[in-house]
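Work through the following exercises with the model in view, and try each task before reading its solution.

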Amino acid sequence: MQILLVAINAKYIHSNPAVHSLKACAGEYASYVSICEFTINQPPSFILQEIYRQRPDVVAFSCYIWNRAVIGPIISDLHKILPDTDIWAGGPEVTYDAHSALLEWNLRGVMTGPGEATFARLCAAYVNGSADKLPEVLNGITAKRTPLNEIPFWYELETDEDNRIVYYESSRGCPFSCSYCLSSIDKEMDFKNTDRVCKDLDFFLRRKPKQVKFIDRTFNCKKSHALPILSHILAHDNGVTNFHFEISADLLDEDYFTILKQMRPGAVQLEIGVQSTCEKTLAEIRRQTDLDKIKDAVTRICSWKNIHVHLDLIAGLPFENLQTFQNSFNDVYALSPEQLQLGFLKVLKGSRMEALAKTYGLSYSSTPPYEALSTNWLSFEDICELKQVEEMVETYYNSGQFAKSLAFLLRYFQTPYEMFKSLASWHKTHKLFGIQPSRIRKYEILFEFGAAHMTRTANALTKPAYQNTNLRQDADLSIEAWKECLTYDLYLREHMKNRPSFARSARQWSDAMRDLFYEESKSHARFPQLAHCNYRELTKALHMEAFTQIFPKPAIVIFYYGKRDPLTNNCMTMLEKLRI
């Protein structure tokens, strides 16, 4: 008897903790279970062949919104090449629509809800020869569940943590009732013992994976659970691993802040779902949150420059029109997170949002991921605009490659949203959507857009009160200064062999920079770690650039690529006074 669990992940760096947890809980039947993990980017024919080579008696697919479209055709073909194999499905994509999945895919059965105890029952039935007595739907939603503390630590069997994100679960359930989320359906909370969690984390800390991502819906919903875990990470930091948590920022207090402030830069990453700053919208979706506390907490954390903060917005929520969403966007942008995700409402099966879709005039895609197309307050035309703005935010803000340039450019716009909307319009006019420009070409496109806009609005400059920039406040906002901003951003990330086309000529300052290189090659006072380098070798390890407009005083910036900021990936810089 061979029972095959199949996971089809969104990316190679992702893994599926569900299938590993199911096998770990199969107990005496675990030896009959094997696992195959694929990605949605692999050809379905390849996945089909790999499953066929296993010759399984039973195949069980782990189904989510990102893989349903791939799984359907594979199951259809499996019926043809393995006609005697029983096929099951489980996961959130089929839990609340089990009978439709049974009919659509001609399944032997569906496992719904938490799967550990349910899967163990399935394994026992097949191994003991009583599978024919199993119902079509194995209901794990109302059945007795396997407590988290009883699920074995299966990660010890994995060998590729360095290459994949490690997903870890310290709690299940969520105390909140957000109408768009499936977690709102199930109020039962289960917390893994903190001593057990800390012991598990020690294993990861020894192995040093790049990232451990907690999949808890709201990690800090129980302070007595979350605080000891954070304290343990702080006390046993290995200098490498990043820990990602999804939290409610308004639940943070001084005890949390004391620990978080001490974290190594890059040790912790916080994802915070703001979703909207429209009070009427938040009330309608039953999202209990204190916006003032969120803003205060995020502002405080960001000021420390040691924690990556990721803020989420959702477009398409009830009572949120284009104008109120713009307000939400501007509010969140003003907090200066490392990433701002402009997401779109997904109408999940079984959610309260699905039940109220007609009330909201909510039209959404009939295929995964069931994204909103329009509402009573937001037209599809509005959605199209937001989609283009989203792409601009991803390219120019979330990449972190244009921080100085965007801060400079913002002076020419009333709001951040207006800036990204105008940038999207430029891309549309110049037919830039749908292509994949090189990194240097992205800088060139932004330069062309900024230069054109500055020329048009040179006499209508505004300085928003929320502007956050280290650029000189009284700078001559000219095309030359714009060139400097982009040049600075570019060299923070790239040790360019060829000078970018938009960069100002360095000829006037070449003697000053040559003297600095020569001085450093003799003293090594600025970069003692390069004491082994002679003059020629220093010119390869470092880059120097003169800036006359974007800093309080003219300066030569020395870019050192041997050391980078763990949050931004920007290289180390040093400023030297420039005599003009």
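The model is predicted, so local features need pLDDT of at least 70 and side-chain atom pairs count only at pLDDT 80 or more, while totals for chains, interfaces and linings use all residues. Residues are numbered from 1 along each chain as its sequence is written, and side-chain values use heavy atoms, with hydrogens and water left out.

**Exercise 1.** Determine the strand order of the open sheet of six strands, and explain which strands stand at its edges.

Solution. Strands are DSSP runs of E with at least two residues, numbered from the N terminus, and two of them pair if DSSP finds at least two bridges between them. The order is E7-E10-E11-E12-E13-E14, with parallel pairing. Strands E7 (166-168) and E14 (339-344) each have a single partner strand, so one side of each is left without a neighbour in the sheet. Within the sheet, E12 (residues 268-275) and E13 (residues 308-315) pair over six bridges, and Gly273 has Asp312 in E13 as its bridge partner.

**Exercise 2.** Describe the pairing of strands E18 and E19 and the residues between them.

Solution. Strand E18 (residues 555-564) pairs with strand E19 (residues 571-577) in the antiparallel sense over seven bridges, and the bridge partner of Tyr560 in E19 is Met572. Six residues lie between the strands of this hairpin, where Asn569 takes a positive phi near 70°.

**Exercise 3.** Classify Ile185 as buried, partly exposed or exposed, and locate this residue.

Solution. Buried means under 20% relative accessible area and exposed over 50%, with partly exposed in between (1.4 Å probe, protein chains only). Ile185 has 38% relative accessibility and therefore counts as partly exposed. Ile185 is found in the loop between strand E8 (171-172) and strand E9 (190-191).

Technical notes:
Helices (H or I, at least four residues) and strands (E, at least two) are DSSP runs, numbered from the N terminus.
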